[in-house]
Amino acid sequence: MSDNTVILEVKDLCKSFDGHEVLKGISTTIRKGDVLALIGPSGCGKSTFLRSLNLLETPTSGHVLFEGTDLTDPSVDINQVREKIGMVFQQFNLFPNMTVRENIMLAPVKLHKMTDVEARKEADELLARIGLSDKADAYPASLSGGQKQRIAIVRSLAMNPDIILFDEPTSALDPEMVGEVLSVMKELATTGMTMVVVTHEMGFAREVANRVMFINDGVIQEENTPQEIFEHPKSPRLRDFLSKVL
Amino acid sequence: MKKLKQRLLCFFAAAGFVLGAAACGNASNEAGETNAAGSATETQATEEAGNEAAGAVLSVDDLPGKRIGVQLGTTGDSYVSDYESDGSGTAVERYNKGADAVQALKQGKIDCVIIDEEPALNFVEQNPGLRVLPEEFTLEDYAFVVGKGNDGLVEAVNAALGELGEEGVLDEIKKNYTGTEEEVGSYLYEKQDVERSNGTLVVGTNAEFPPYEYYENGSITGLDMDIMQAVCDKLGMEMKIEDMAFDSIIPAISTGKVDIGAAGFTVTEERKKNVNFTDTYTTSKQVIIVADAGNAGAKSSFADKLYDNFVKENRYLYLLKGLGSTLVITIFAVMIGIVLGFLIAVVRTSHDRTGGFVILNGICRLYLTIVRGTPVMIQLLIIYYVIFQSVNVGKTLVAIIAFGLNSAAYVAEIVRSGIMAVDIGQFEAGRSLGLNYKQTMSAIVLPQAIKNILPALCNEFISLLKETSISGYIGLMDLTKGGDIIRSITYEAFLPLIVVAVVYLLMVMGLSRGVSVLERRLRNNER
Ligand SMILES: Nc1ncnc2c1ncn2[C@@H]1O[C@H](COP(=O)(O)OP(=O)(O)O)[C@@H](O)[C@H]1O
Ligand SMILES: [Mg+2]
């Protein structure tokens, strides 16, 4: 599934909040086409790790290299890098004062990636792809959670990113809507999109991810293929965790 | 409590009536009676308090123990102050203008008014039921007032006064205003056609002191003004009149805002400490005005009152012009408030979120603390008398700046709370798409913040509209001051005040309606 192009390289990443050390040195490499599932108990630092990858959280120490550029270098234009790193939030974070189409068009037009006409065409194609063409002129408040999250996903797609970060994309959804969001993500994975997904959906991790990373106590406790993680968990912590969530 | 209710009822009955009268443009007799009934209740309510100080004032000897009304900062004020501490329970009520003191006397709130003779005669003539006691309170000399150290101007004015005296011009002017019945109005001093190459003389006055200085047909005239004009003609100077509160004139001279004070200033030792006096140009006395026992006052019909207050000599123009200033000040102040308020709010929230703008944020906080911690009136006075002390800028501009700066502080905090109320996720979503801080703020956060705060912002501007009513303190004729000028001409409190109140009320009600329509629209959006 993955070729050898390195998209993200994380070197000894540490992050503390007011002296409270959340990440205690994490290193990993994410290659093109990887679908990396991040699992771990609540509060173990999954979100903090994910948000460090596009510098929404500033690492206390360590390095994050995106396609060779060290994001922790203050001279790097982080805005330019973020254009290439999509992000999908647990709470969707659609812009409530804009229509669905405007949500999707905003960044490409503002950042001069597309003309107004191109962006509109792109938005409509993306909406057609997820079967929500009829919602183009609706405001987010009128949509279901599942619809909002699918739109949030295509909003990040509109910038044509090299990688998309997902922070528990289905955790805020009613159970009957989880499936529609996961299937959009699955489809994305099959097109070869590089993805890092913080999730509690073990079925998704097992089926779609090619790597699963178990974080605990601010370190990577275990990292392996889904098969190994779920069939042959090595550390007692992981076993304990899996026994609770499966 | 009951009294308050009663008054409120009266107020609304009267306000409602004025609205009605304005609508049909025709005051009926019945309506006149409604009004009379209204003021009767008012008088009753105040008389309860009034009966304690027994005995009428019939001479100077009766003054101890009485309630005496004076105009703030006049010589009457300083003389009467001696009574205050004599242990006889004398109460001195100080009013901003003579007309207000007379009004209080009519309503029985005070026992007498001590004021300069000429205005006193004027008041009495306009108010049947009042009279001036034959025995004067004191005799006094009037002179013009010049700043300490400005001896050149004192000498020049004295020389001019000397010449005018010899030529007889001074006497003619005095007769024209304070002479016998035949003499009054017989001589109009004509501004001379001379070269005015010696600059401008800024004359500070308080045009609510007839016949020395007062408004007539929209401009300021009077004995002092004519003499000042004659002096300017002698000196070859332009004359510029600045109308302001009486007790502001000497401070204005001290700070250089005004060159010379011409407002019936009595020469006193106290004042000599702060200013220089020119030669005396006329003498007057302080007299005592009292109300006749059983004074009811001659009742003129409501229609007459309407005519007197608004139609006669086109007096409604004072209100109209004033309304114009009020609107201009409010609108431009709102603009300054919005622009500056947003900038401050953005600096403050940027600092809170990113830690940047340390110095700018400090300045903003200091600004907010000062502006929100002091009364807007003091700010207005400081900006006029201190900051623009030596700079010659229009008063309207000063008011716009003062109210704009004041409003900005409140707008800033409203906007800041609006920005803070926008979910941080919105900000993060914008940043994660690659928008920079500014783009995220302007395209995503601010539009949502504005929507949240629009009602609060509109309410801020409604209060701003009402706050501009203190513009009169720098002598600017806004709506309130326009009503005050009418009051000082007609000696009638009720109608001008009520009409001014109704005009404010109508504007505020219109704006409030606009706000609620806007709120509904915004709520319907996003569905
Ligand atoms: N902005 C922050 N300030 C202080 N502490 C934080 C902040 N964000 C996260 N934390 C703390 O860091 C720890 C890890 O949080 P998080 O990364 O959200 O965990 P997870 O996503 O795995 O549930 C938690 O203890 C949390 O309280
Ligand atoms: Mg989390």
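A salt bridge, as I use the term here, is a side-chain nitrogen of Lys or Arg within 4 Å of a carboxyl oxygen of Asp or Glu. With that cut-off, A:Arg51 and B:Glu428 qualify, because their closest N and O atoms are 2.7 Å apart. Please keep in mind that this is a predicted model.

Let me stay with the interface.

Which elements of chain A supply at least two residues each to the side that touches chain B? They are helix 2 (78-82), strand 6 (85-88), helix 3 (100-110) and helix 5 (145-157). Of these, helix 3 of chain A provides the largest share, 3 residues. Sorted by class, the side of chain A that touches chain B holds 14 nonpolar, 6 polar and 5 charged residues.

Now the extent of the interface. In contact terms, 25 residues of chain A meet 21 residues of chain B. The size of an interface is often given as the accessible area lost when the parts come together. For chain A and chain B, the buried area is about 1900 Å², with 60% of it on carbon and sulfur atoms. On the chain A side, the residues that lose the most area to chain B are A:Asn79, A:Phe95 and A:Asn97, and together they account for 24% of what that side buries.

Next, ligand 1. The residues around ligand 1 include A:Phe17, A:His20 and A:Val22, and also the residues A:Ser42, A:Gly43, A:Cys44, A:Gly45, A:Lys46, A:Ser47 and A:Thr48. By class, this shell has 3 nonpolar, 6 polar and 1 charged.

What lies 2.7 Å from an oxygen atom of ligand 1 in A:Gly43? For A:Gly43, it is a backbone N or O atom. With A:Ser47, the side chain is involved: one of its N or O atoms is 2.7 Å from an oxygen atom of ligand 1. A:Thr48 also uses a side-chain N or O atom, here at 2.5 Å from an oxygen atom of ligand 1.

On its own, ligand 1 has 560 Å² of accessible area, and the protein covers 60% of that. Strand 2 (20-31) and helix 1 (46-53) of chain A are the elements giving two or more residues to the shell around ligand 1. Helix 1 of chain A has the largest share, 3 residues.

Methods. Residues are numbered from 1 along each chain as its sequence is written. Chains are lettered from A and ligands numbered from 1 in the order in which they are written. This is a predicted model: local features need pLDDT of at least 70, side-chain atom pairs count only at pLDDT 80 or more; totals for chains, interfaces and linings use all residues. Side-chain values use heavy atoms; hydrogens and water are left out. A residue is near a molecule or strand if one of its heavy atoms lies within 4 Å of it. A polar contact is a pair of N or O atoms within 3.5 Å; within protein, one must be able to donate a hydrogen and the other to accept it, and residues adjacent in sequence count only if both atoms are side-chain atoms. Accessible areas come from the Shrake-Rupley method with a 1.4 Å probe; for residues, only the protein chains shown count as cover. Helices (H or I, at least four residues) and strands (E, at least two) are DSSP runs, numbered from the N terminus. Ala, Val, Leu, Ile, Met, Phe, Trp, Tyr, Cys and Pro count as nonpolar, Asp, Glu, Lys and Arg as charged, and the others, Gly among them, as polar. Contact means heavy atoms within 4.5 Å. Buried area is the accessible area (1.4 Å probe) that two parts lose on being put together, summed over both.
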